Amino acid sequence: MRPDTRWRDTRARSRPNRSATRFAPKKHLLCLRFQTMSATSLRPVPRPAVQAIEAYVPGKSAAPGVAKIWKLSSNETPLGPSPKAVEAFRGVAGELELYPDGAATRLRAAIGKRYGLDPARIVCGNGSDDLLHLLAAAYVGEGDEGIFTTHGFLVYRIAILAAGGVPVVVPEKNYTADVDAILAAVTPRTRIVYLANPNNPTGTYLPFEEVKRLHAGLPGHVLLVIDGAYAEYVRRNDYSAGLELVSTNENVVMTRTFSKIYGLANLRLGWCYAPADVCDALHRIRGPFNVNGPALEAGIAALEDADHVEKAAEHNDKWLAWLTKEISALGVEVTPSVGNFLLIHFPQEKGRTAKEADAFLTARGLILRNVASYGLPDAIRMTVGPEEANRLVVQALAEFLGKAGARG
Ligand SMILES: *Cc1c(COP(=O)(O)O)cnc(C)c1O
């Protein structure tokens with residue numbers, strides 16, 4: 001096939017879509033087109049939407065010159081993975097030349113068994129980030145709108161922009177997603193709503209009744225993505241990760257991860273439970289081997305070690321409550337969290353700001369997460385760590401806030 005023929009074919013096919021782009025006036029399109037064409041003569045230029053993305057900046061992992069580091073910046077579990085998962089991971093070391101099972105058949109069966117789900121409606125990903133991106137790629141087109149909330153997980157914005165969509169950011173109430181505000185933001189262009197429940201970095205959650213009310217108010221063509229990255233940590237009777245909503249509707253997806261309570265962040269393993277049509281769309285566009293073999297084996301073994309997960313949840317219950325109480329007692333505000341992290345708010349007063357607190361803690365090897373990029377310049381997020389680290393943070397904060405002597 002001659003290259004110019006192929007080019008003409010593509011162009012003819014994409015024309016009807018272009019005229020359907022309601023919010024983009026013709027002049028704008030011409031201008032973009034001119035930019036692209038003139039730029040291609042110099043060097044390849046990414047689409048404008050890609051250039052509008054601010055790359056995700058992960059939590060810090062180093063403090064120069066400090067001997068002992070406590071990394072409390074990425075919500076990793078202090079208990080590490082199940083030893084059985086580590087053993088399964090090692091078991092694959094002799095087979096690195098082989099492609100993994102691209103269908104993740106045994107892992108999907110294991111997830112299905114553990115959660116009582118149909119494996120055919122589970123899709124695995126290279127971390128749940130992979131799935132969050134694939135969902136936008138499949139459902140959000142040029143100029144379509146994707147909704148998330150003010151302090152929602154940053155990957156949603158990146159996924160929507162990368163797909164060519166328009167991010168619509170909805171205000172929260174008390175650092176919590178606001179169902180009425182989300183519903184009010186829906187337009188005929190809305191294609192996807194991302195809701196982390198519980199949310200990172202705030203640690204707040206919506207009771208299941210509220211999630212159901214959100215879903216009930218969405219038009220059928222809007223996909224509701226419930227990100228349950230921290231679901232295993234939540235101990236609330238009115239919470240649900242949302243399995244039931246996915247089972248009974250065509251437009252709800254739940255994403256989950258092995259990065260948090262399962263302690264396998266380094267392997268990049270996530271999954272989603274979705275309606276059959278959504279699974280079909282994801283399978284069409286995902287990488288054919290998007291989950292690696294060591295991750296598959298470690299994931300299967302991790303699911304079998306329910307005791308390890310329970311231990312991690314118990315550790316979190318104890319220390320989340322302790323940290324919330326102790327840090328609040330120092331006179332700073334802590335947003336009540338149901339996850340494995342907490343958001344600490346600092347005053348704007350010089351000498352006591354979040355930025356200064358962060359520097360003070362980092363100098364002591366206590367690495368927390370600066371959340372300015374989440375629209376929270378006056379807060380820092382702390383992952384619940386091992387006992388020793390938790391105690392060190394409270395001591396350091398007491399010193400920083402000048403309360404060390406006062407508490408005896
Ligand atoms: C950590 C996190 C994830 C998990 O990402 P992975 O790609 O699975 O490691 C997803 N959503 C939220 C809100 C998170 O905080």
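Predicted model: local features only at pLDDT ≥ 70, side-chain atom pairs only at ≥ 80, totals over all residues.

Reader: What's the volume of the largest cavity, and which residues lie nearest its centre?

Author: The largest cavity comes to about 80 Å³. Its lining is made of 15 residues, and T149, A177, L195, A196 and N199 are the ones nearest the centre.

Reader: Which element gives the most to that lining?

Author: That would be β5, with 3 residues. Both β3 (145–149) and β5 (190–196) supply at least two residues each. By class, the lining of the largest cavity splits into 8 nonpolar, 6 polar and 1 charged.

Reader: And what about the second largest cavity, what's its volume?

Author: About 70 Å³. Here 13 residues form the lining, with G102, A104, C124, R286 and N290 nearest the centre. Strand β2 (residues 122–125) contributes the largest share, 3 residues. The classes are 7 nonpolar, 3 polar and 3 charged.

Reader: Nice. Switching to the ligand: where does it sit?

Author: You'll find the ligand in the second largest pocket. That pocket holds about 490 Å³ of space. Its lining has 29 residues, and Y56, S74, D129, F153 and K260 are the closest to the centre. Two or more lining residues come from each of α6 (128–139) and α7 (154–162), and α6 has the largest share with 3 residues.

Reader: Which residues surround the ligand?

Author: The shell consists of G127, S128, D129, F153, N200, D227, A229, Y230, T257, S259, K260 and R268.

Reader: Which polar side-chain atoms lie 2.6 Å from an oxygen atom of the ligand?

Author: Y230 has a polar side-chain atom at 2.6 Å from a ligand oxygen. For R268, a side-chain N or O atom is also 2.6 Å from an oxygen of the ligand.

Reader: How much of the ligand's accessible area does the protein cover?

Author: The protein covers 93% of the 380 Å² that the ligand has on its own.

Key: Residues numbered from 1 in each chain as written. Heavy atoms only, no water. Near = heavy atom within 4 Å. Polar contact = N/O pair within 3.5 Å; in protein donor to acceptor, adjacent residues only side chain to side chain. Areas by Shrake-Rupley, 256 points an atom, 1.4 Å probe, with all protein chains shown as cover. 1 Å grid on protein atoms, 1.4 Å probe; cavity = no way out; pocket = protein on both sides within 12 Å on 5 of 7 lines; lining within 4 Å. Sits in = over half its atoms within 2 Å of the grid points. Points joined across faces, edges and corners; volume = space filled by probe spheres on them. Helix = DSSP H or I, 4+ residues; strand = E, 2+ residues; numbered from the N terminus. Nonpolar A, V, L, I, M, F, W, Y, C, P; charged D, E, K, R; others polar.
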